[in-house]
Amino acid sequence: MPSIVSVDNLRKAYPGGFEALKGVNLDIEEGEILALLGPNGAGKTTLISTICGITVPTSGKITVGGFDTVSEYRATRDLIGLVPQEINLEPFETVFNTVRFSRGLFGKPRNDAYIHKILDQLSLGDKKDSKIMALSGGMKRRVLIAKALSHEPRVLFLDEPTAGVDVELRKDMWDVVADLKAAGVTIILTTHYIEEAEAIADRVGVINGGQILLVQDKSEMMAQMGQKQLRISLSEPVSSIPDMLRKYDLEMAEDGSNLTYTYDTKGERTGITTLLNDLAAAGLIMTDLQTKQSSLEDIFVGLVKETA
Amino acid sequence: MNIYAVLTIYRSEMKRFFRTIMQSLISPVISTSLYFIVFGAAIGSRIDEVEGVSYGAFIVPGLIMLSVMTQATSNASFGIYFPKFTGTIYELLSAPVNFLEIVLGYVGAAATKAMFIGVIILITAFFFVDLSIAHPIAMIAFLVLTCLSFSLLGFIIGIWAGNFEQLQLIPLLVITPLVFLGGSFYSVSMLPGVWQTIAMFNPVVYLISGFRWAFFGVADVDIAISLVAIAFFTGACLAAIWWIFRTGWRIRQ
């Protein structure tokens with residue numbers, strides 16, 4: 001698939017000397033949902049701001065739809081919609097007017113029917129004449145999305161769209177994102193909720209300390225996560241794994257007091273029953289069994305710790 | 001040129017003005033009437049004429065200038081400061097617009113509002129004094145240029161200001177004194193010698209003098225110098241704004 005956003009060796013150093021981005025490389029494919037996971041201060045917002053043109057890069061190159069974000073900023077910004085992390089809205093303006101303002105600002109001719117359509121899609125139809133200050137936090141977030149979509153962008157950046165949002169609204173937001181993807185919009189969202197990335201992303205990128213540590217297909221990650229480990233504690237330590245148990249690919253603890261079996265929970269057969277039978281047949285006596293599942297969280301925490 | 005963006009900013013700014021149309025128009029009408037009562041009637045009755053013009057009529061150009069300059073500055077500074085304050089500036093910075101388009105939208109709207117108020121004061125003045133305008137085209141040109149240049153200045157103040165106090169600081173500490181000392185209610189030639197020389201360093205003197213010339217055909221300074229002064233002032237503001245957007249000073253990191 002062609003990449004719609006391409007970030008090449010992007011660096012951003014602030015005047016105080018703080019380096020928020022340290023050579024980021026990232027390719028975002030057209031039509032995908034990419035979740036950028038990272039702790040606070042990892043550089044997620046700086047990365048997004050730089051792609052959108054709010055922050056000026058220190059060095060490196062970004063292209064959106066093949067256009068350079070600095071020299072051809074009109075073309076790139078035309079393609080991009082941004083939903084910021086903070087709820088930044090003019091409190092005295094009405095919902096409809098603020099969305100119409102955004103459309104005009106992005107150089108699109110007035111199209112009230114289109115704005116009505118977006119508002120309905122985001123369940124804001126009956127709030128269109130309300131003043132922003134009269135809306136709940138969740139509603140305001142939807143208004144921000146409506147504003148970002150007002151000029152029909154092909155790429156949508158959602159900076160922590162569900163931070164501080166209740167569970168129900170978070171699910172709603174995920175539905176909105178799924179609808180947008182179905183409409184062909186490429187979506188990049190930042191989050192520090194791992195379950196959010198699991199729920200909606202096609203690919204997951206992990207960012208920390210201004211660097212992208214990993215970008216991987218979610219399904220590949222899920223495959224890793226689908227693996228479980230069974231730890232078998234033995235009453236008598238063994239010096240080596242008996243021959244008849246070789247086919248299970250067991251790992252033996254250094255002191256031989258326990259064995260670990262890795263299996264796929266999604267497989268047709270986990271092989272646990274035959275393993276336990278074979279263990280008994282080999283004359284090994286088990287004192288305890290423990291299972292452990294590696295989660296995206298483990299992978300994430302592991303990666304982030306390595307770079308800390 | 002992203003003409004839709006310019007019009008969008010302009011309309012949204014004008015809408016703010018019309019939303020508060022009563023305050024926007026009534027307050028200059030009331031304050032102008034008060035000036036006429038205090039300066040025109042009370043003080044003016046003891047001053048016969050200034051440079052051949054009745055005192056009540058003489059203060060009209062200065063009065064218009066005073067309102068136009070303060071209104072243009074405060075409108076433009078608030079216009080660009082407010083998005084900074086609410087955080088909606090992110091949208092402006094991520095939109096496909098360049099500095100000229102942003103300036104055209106905000107400064108254009110602020111200048112239009114100031115024009116409105118200037119015209120309202122002029123109309124009010126006709127109710128109080130006998131007034132004839134010697135050079136109507138020059139009068140309009142001076143009014144437009146003053147609205148524009150002070151809106152540009154206000155725009156710079158709005159970008160510079162970090163809080164509401166700073167937003168008021170320059171208009172209060174610099175512009176109002178300069179206008180009062182710029183011969184709005186008197187002729188600079190009425191000042192003692194040293195102060196006349198000092199007054200020549202006040203750029204507002206040139207604007208008010210030129211504007212008054214458009215009304216009565218008499219001026220403190222040569223009309224050509226007035227024109228050069230206002231052109232220079234406008235140019236300086238434009239250059240400052242161009243620099244601000246080029247470097248991202250106080251708006252883009």
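This is a predicted model: local features need pLDDT of at least 70, side-chain atom pairs count only at pLDDT 80 or more; totals for chains, interfaces and linings use all residues.
Trainee: Where do I start with two chains? How many residues of chain A are in contact with chain B?

Mentor: Start with the contact count, then take the area. Here 30 residues of chain A are in contact with 25 residues of chain B. Together the two chains bury about 2500 Å². Carbon and sulfur atoms carry 57% of that area.

Trainee: And the polar side? How many residue pairs are in polar contact between chain A and chain B?

Mentor: Ten residue pairs, with both residues at pLDDT 80 or more. Next, look at which elements supply the touching side. On chain A, helix 2 (73-79), helix 3 (95-105) and helix 5 (137-149) each supply at least two residues. Helix 3 of chain A gives the largest share, five residues.

Trainee: How many salt bridges are there between chain A and chain B?

Mentor: Three. Take each pair in turn, and ask which parts it links. Glu91(B) pairs with Lys147(A), with the closest N and O atoms 3.2 Å apart. Glu91(B) lies in helix 4 (residues 89-94) of chain B and Lys147(A) in helix 5 of chain A, so this pair joins two chains.

Trainee: Are Glu91(B) and Lys147(A) buried or exposed?

Mentor: Check the relative accessibility against the cut-off: buried means under 20%. Glu91(B) is at 4%, so it counts as buried. Lys147(A) is at 3%, so it is buried too.

Trainee: Which residues does the salt-bridge network join?

Mentor: Look for shared partners. Glu90(A), Glu13(B), Arg16(B) and Lys113(B) are joined into one network by salt bridges. One of its links is the pair Glu90(A) and Arg16(B), at 3.4 Å from N to O.

Trainee: Now the wider view. How many salt bridges does the whole structure hold?

Mentor: A search over all chains finds 20. For a pair inside one chain, ask how far apart the partners sit in sequence. Glu32(A) and Arg203(A) form a salt bridge, at 2.8 Å from N to O. Glu32(A) is in the loop between strand 2 (19-29) and strand 3 (33-37) of chain A, and Arg203(A) is in strand 9 (residues 203-208), so the pair ties together parts 171 residues apart in sequence. Both Glu32(A) and Arg203(A) are buried.

Trainee: What about Asp172(A) and Arg142(A)?

Mentor: Their side chains meet in a salt bridge, at 3.2 Å from N to O. Asp172(A) lies in helix 6 (residues 167-182) of chain A and Arg142(A) in helix 5 of chain A, so the pair ties together parts 30 residues apart in sequence. The partners need separate burial checks. Asp172(A) has a relative accessible area of 30%, so it is partly exposed. Arg142(A) has 7%, so it is buried.

Trainee: Last feature, the surface. Which residues form the nonpolar patch?

Mentor: The members are on chain B and include Met22(B), Ile26(B), Ile30(B), Leu34(B), Val119(B) and Phe127(B). The patch has about 1100 Å² of accessible area in all. Helix 2 (21-43) and helix 5 (99-128) of chain B each supply at least two of its residues.

Trainee: Which helix supplies the largest share of the patch?

Mentor: Helix 2 of chain B, with seven residues. Ile43(B) is another patch member, and Ile43(B) lies in helix 2 of chain B. Its relative accessibility is 36%, so Ile43(B) counts as partly exposed.

Note on methods:
Residues are numbered from 1 along each chain as its sequence is written. Chains are lettered from A and ligands numbered from 1 in the order in which they are written. Side-chain values use heavy atoms; hydrogens and water are left out. Patches are made of residues with over 30% relative accessible area and no salt bridge: like charges are joined within 9 Å, nonpolar side chains (Val, Leu, Ile, Met, Phe, Trp, Tyr) within 5 Å. Accessible areas come from the Shrake-Rupley method with a 1.4 Å probe; for residues, only the protein chains shown count as cover. A salt bridge is a side-chain nitrogen of Lys or Arg within 4 Å of a carboxyl oxygen of Asp or Glu. Helices (H or I, at least four residues) and strands (E, at least two) are DSSP runs, numbered from the N terminus. Buried means under 20% relative accessible area, exposed over 50%, partly exposed in between (1.4 Å probe, protein chains only). Contact means heavy atoms within 4.5 Å. Buried area is the accessible area (1.4 Å probe) that two parts lose on being put together, summed over both. A polar contact is a pair of N or O atoms within 3.5 Å; within protein, one must be able to donate a hydrogen and the other to accept it, and residues adjacent in sequence count only if both atoms are side-chain atoms.
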